[in-house]
Amino acid sequence: MTLRKVNISILIVAVVIFLLVIHHNFLSLSDFLRRELSDPSPLGLQPIDFIPAAPQRLADERNDKEISVVIAASDERLGGAIAAMNSIYQNTRANVVFHIVTLNDTVDHLRVWLRSPPLKNMRYRILDFDPRVLEGKVQVDPQKPDNFKPLTFARFYLPSFVPHAEKAIYVDDDVIVQDDIVELYNTPLKPGHAAAFSDDCDSTSSKVAVRGAGNQYNYIGFLDYKKETIRKLAMKANTCSFNPGVFVANLTEWKLQNITKQLEKWMALDVVEELYSKTLAGSITTPPLLIVFYKQHSSIDPMWNVRHLGSSAGKRYSSQFVEAAKLLHWNGHFKPWGRTASYAEVWEKWYVPDPAGKFNLIRRHLEAYEAK
């Protein structure tokens with residue numbers, strides 16, 4: 001009888017211990033799920049990596065409001081994306097989450113780089129962009145297949161990257177942010193507008209002649225007005241264009257208006273009818289955006305997209321103006337990681353060295369190319 005009581009007691013203790021272990025694991029799982037970002041899997045946009053919330057001490061120091069920033073990261077320009085993200089992260093106390101869109105063969109390199117000490121507490125999500133979503137929408141030159149850069153179209157698919165966000169920021173990889181990104185995020189958008197851009201006729205970039213690209217500050221510089229399809233749209237050729245390298249998106253409105261489908265429609269039409277201007281020097285992402293957002297977009301403060309720093313090796317802005325700029329954009333031929341671009345030393349301040357050393361080789365090749 002005594003032995004039976006002992007066995008029952010042991011069984012009860014074992015059951016209690018088992019239940020405690022299950023309870024502990026359940027709490028840990030619940031906490032993990034609360035800290036993780038959502039995991040949608042839209043066609044062609046597969047989530048690769050997730051980083052949970054920063055340690056509680058760092059979380060307490062930053063604001064709770066989550067700011068979604070989308071950036072594309074190709075392997076040959078990965079250092080640019082790293083510097084851009086570092087400049088954003090270090091200049092804000094907001095709860096920024098980076099949605100990094102890349103190709104599958106870049107993921108391992110990117111993951112190693114993001115473990116660098118300056119970046120280790122940064123919240124991010126890596127997504128693999130499947131180029132097959134662009135089939136039939138982009139004309140690829142069979143003689144120059146390497147000129148096809150699928151990640152340049154990532155900005156067309158923003159709701160797929162951040163499906164549960166109401167608002168998001170998109171930035172190119174050749175930018176440096178010098179102020180709190182929250183200010184850009186809080187840009188007011190007019191009712192019915194799905195995005196806010198910086199117009200090319202603003203005070204910082206009015207009538208800039210980009211070498212080999214014609215007058216890229218109005219619609220005629222991007223669209224072929226000899227084509228009947230373009231003329232039927234009744235868009236004035238002298239309408240000021242905008243730069244799509246930095247913009248704020250109202251994703252609720254974007255989805256309501258089915259912006260992505262509209263963009264894909266004009267991409268597919270261009271493949272058949274060649275609607276884009278021949279002076280574009282290879283740029284094929286801006287024209288469909290200009291058509292879809294014609295007189296249907298809001299404006300961001302031009303100081304949040306001080307651009308054309310890469311259009312020449314000379315300095316087009318004073319050092320005082322560059323210091324006051326909230327976001328610097330090296331769009332154009334000369335990239336700051338090539339060292340011949342103007343104010344490359346500002347970019348260098350935010351660059352985090354590549355632990356794998358691959359980007360160092362890319363930089364040397366680029367410097368040699370720019371020297372020609």
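Trainee: How many helices and strands does the protein chain have, and what share of its residues is buried?

Mentor: Keep in mind that this is a predicted model. The protein chain has 13 helices and 10 strands. Of its 372 residues, the buried share is 49%.

Trainee: What end-to-end distance should helix 9 have, and what does the model give?

Mentor: Helix 9 runs over residues 259–273, which is 15 residues. The expected span is 1.5 Å times one less than the number of residues, so helix 9 should span 21 Å. Its end C-alpha atoms agree with that, at 21 Å.

Trainee: Which residues of helix 9 are buried, and how wide an arc do they cover?

Mentor: The buried ones are Ile 259, Thr 260, Leu 263, Glu 264, Trp 266, Met 267 and Asp 270. They sit on the same side of helix 9, because the arc they cover around the axis is only 165 degrees. In general, an α-helix has 3.6 residues a turn, so residues three or four places apart point the same way. For the arc in helix 9, then, the value is 165 degrees.

Trainee: Which helices do those buried residues pack against, and which exposed residues are on the face turned away?

Mentor: The buried residues of helix 9 pack against helix 5 (158–161), helix 7 (228–231), helix 8 (251–256) and helix 10 (286–292). The face turned away from that buried side carries two exposed residues, Lys 261 and Val 272.

Trainee: Is the ring pair of Tyr 317 and Phe 321 stacked, edge-to-face or tilted?

Mentor: The count for the model is 16 aromatic pairs. For Tyr 317 and Phe 321, the ring centres are 5.1 Å apart and the planes are at 45 degrees. Stacked needs under 30 degrees and edge-to-face over 60, so this pair is tilted.

Trainee: Which charged residue sits over the ring of Tyr 317?

Mentor: Tyr 317 itself is buried, with a relative accessible area of 11%. A charged end lies 5.9 Å from the centre of its ring, and it belongs to Arg 316.

Terms used: Residues numbered from 1 in each chain as written. Predicted model: local features only at pLDDT ≥ 70, side-chain atom pairs only at ≥ 80, totals over all residues. Heavy atoms only, no water. Phe/Tyr/Trp six-rings, centres within 6.5 Å; stacked < 30°, edge-to-face > 60°. Buried < 20%, exposed > 50% of the residue type's maximum accessible area, 1.4 Å probe, protein only. Lys NZ or Arg CZ within 6 Å of the ring centre and 35° of its normal. Helix = DSSP H or I, 4+ residues; strand = E, 2+ residues; numbered from the N terminus. Arc of directions from axis to C-beta. Contact = heavy atoms within 4.5 Å.
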